[in-house]
Structure formats: structure tokens, C-alpha cells
Amino acid sequence: MHPKLYKNATSIWARRVVLAETKAKLQIYKNDFELFKCKASETARKYGIDTHFQEKRQRKVKKHFDELGADHRFPNREKIFKIEVFNNVLDTVISQLDTRFIGMSAVCHIFDFPTPTFLLHVDEATLLQKCDEFQRKYSDIIGPSFSLQFINIYHLVLPQLTQAWTVHQLCKEIMSKYGVLECDLTEVFTAMLLFFTIPVTSAAAERSFSKLKIMKNYLKNNMGQTPLRHLSLIAIENKTASSLDLNEVIDTFAKTKARKKL
């Protein structure tokens, strides 16, 4: 899997581009088995691996007198590999890419209007229409004044806006420079908070369950729920945990567990 799909610093729009490129390459491989075979053969020869398919004797199945036809049998092992392994694996990977990142694709479609690339090449009427669609989508938390508020903030940030900006940089610019206008831009600030808190993939949850299997194995089967929860929190928030001062943590733990002298 491409590292940009799971890298935290990568925007979801860059991930969508990488995802589309990955699916296109997989489709090319699927439609051109000979190209894949040539590249795989070169890699195999580099490491001294035999590239020939081992031929096996085909099992003969007895045909009964009332059977009109027999099952089709592929002539060689390469054809069997292409049908049963190669096509099967690629179909599974392509379908998994569609299902695993369906949330990310939906968020990219809904939140495409605050991207700097979109804002630099859009007219005000189209932007207003996109804002109205967004407000109707989240009408339970975003008020009807969102469209006008976003148009106002759009005209304020447009002079210094560049295509190299990300949505994170745009929101940071709005919050830092125009934070005093939060009372007048409540719906815009709510939309920004919604964007930064909405989950787009299940990769973090899957990694958390993988950590649980490592922490609670058959050697630690008697571990209670409380220590397991605490260890899981440390493993999931490993970046924050690695920045802690261990000496201070040890001193705090020793003070809380120290027995009082009589």
C-alpha cells in the first residue's frame, strides 16, 4: 500500500490522487498480464528464482454416459495461475481499495469547496451553490447563514491565497487572523471544526485492534480491563507518549504508590 494513504501529514485530496493512480496501475496490470509477467520475471532472475511454472499431470475425471459436456481444463500452469491467482488477487485488491476508502472519497466530495485549488479558480455563484449544498448536508449543526459568512471570509483571504496552501493552512490563517470575528463567523468556524474531526478511514481503528492482539496474548491472558485500556491508550497515542519525561512519570508514580510510614 502506498505510504501516503496512511501518512498523517498528507491531505485527503493528495491521498485521493494517490488512490486513483494506484487503482489505474492495478487495472493496467490486470489488462496486461504479459507486462506483469516480464517485470516479475526480471525480479525473480535478480534473486535467482526459477521463473518456469512446474507442470503437473492433469487428473482425469471419469465421464458418465449421460453427461453432455466436460469441464474446461486449462492447457498449462501459467494459464491456471493467471485465472485462479493473478486475476483473483487483483480483483480483491481493487474492490478493497474502493470499500476501505469510500468515507475518504465522500469527504473529499463534500469538503471540496474550501480547498485553495478550488477557491482560486471558482466564480462566486458556483462557490455559493457549493456552500448551500454543504449547509443542507449538515443542516442540523450548520445554520443557513453559512453561505454568506463563507463568501465574506473568501474575499478576505483571497489576496494572500496561493495554490501551494493546504486546507489546514487556510483554516489556520482564518483562525489566527480573523479569530476576533468568531462571533460573526460562527458557522464557518463550526464547519472547520467539523472538517478536522470527521473520520475518513478505519485504518486507525484497525491498527488499534492489532495492538490489542500484541498486548494481550496467551501469555498475558489474566490481564484485567483497566491495565489493558491504559496500555492501549499509550500504544495508540504513541507520539504524545514518546514526548513525555519518563523521570517525571516515574516520580509521580512512586509518590502515588509510596506507603506511609507509621
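Analyst: Let's start with the largest nonpolar core, which has 41 residues. Phe111, Leu127, Phe134, Phe146, Phe150 and Ile153 are the ones with the most contacts inside it. A nonpolar core here is a set of buried Ala, Val, Leu, Ile, Met, Phe, Trp, Tyr and Cys residues joined through side-chain atoms within 4.5 Å. Buried means under 20% relative accessible area, exposed means over 50%, and partly exposed is in between (1.4 Å probe, protein chains only). The elements giving two or more residues to this core are helices H1 (12–31), H3 (77–100), H4 (102–110), H6 (124–137), H7 (146–157), H8 (167–177) and H9 (186–197). Helices (H or I, at least four residues) and strands (E, at least two) are DSSP runs, numbered from the N terminus. As background, nonpolar side chains tend to be buried together in soluble globular proteins.

Before going on, a word on the ground rules. This is a predicted model, where local features need pLDDT of at least 70, side-chain atom pairs count only at pLDDT 80 or more, and totals for chains, interfaces and linings use all residues. Residues are numbered from 1 along each chain as its sequence is written, and side-chain values use heavy atoms, with hydrogens and water left out.

Now zoom in on Phe111. Leaving aside neighbours within four places in sequence, Phe111 is in contact (heavy atoms within 4.5 Å) with Trp13, Phe134, Tyr138, Ala191, Leu194 and Phe195.

That brings us to H9, whose buried residues are Glu187, Val188, Phe189, Ala191, Met192, Leu194 and Phe195. Those buried residues pack against H1, H6, H7 and H8. H9 has 12 residues and reaches 17 Å from its first C-alpha to its last, close to the 16 Å expected at 1.5 Å a residue; the expected span is 1.5 Å times one less than the number of residues.

Two other spots are worth a glance. Ser232 sits in helix H11 and counts as buried because its relative accessibility is 11%. Setting aside neighbours within four places in sequence, Ser232 touches Leu212 and Met215. Ala40, in helix H2 (residues 33–46), is partly exposed, with a relative accessible area of 32%. Ala40 and Thr51 are 11 residues apart in sequence, and 8.6 Å separates them in space, C-alpha to C-alpha.
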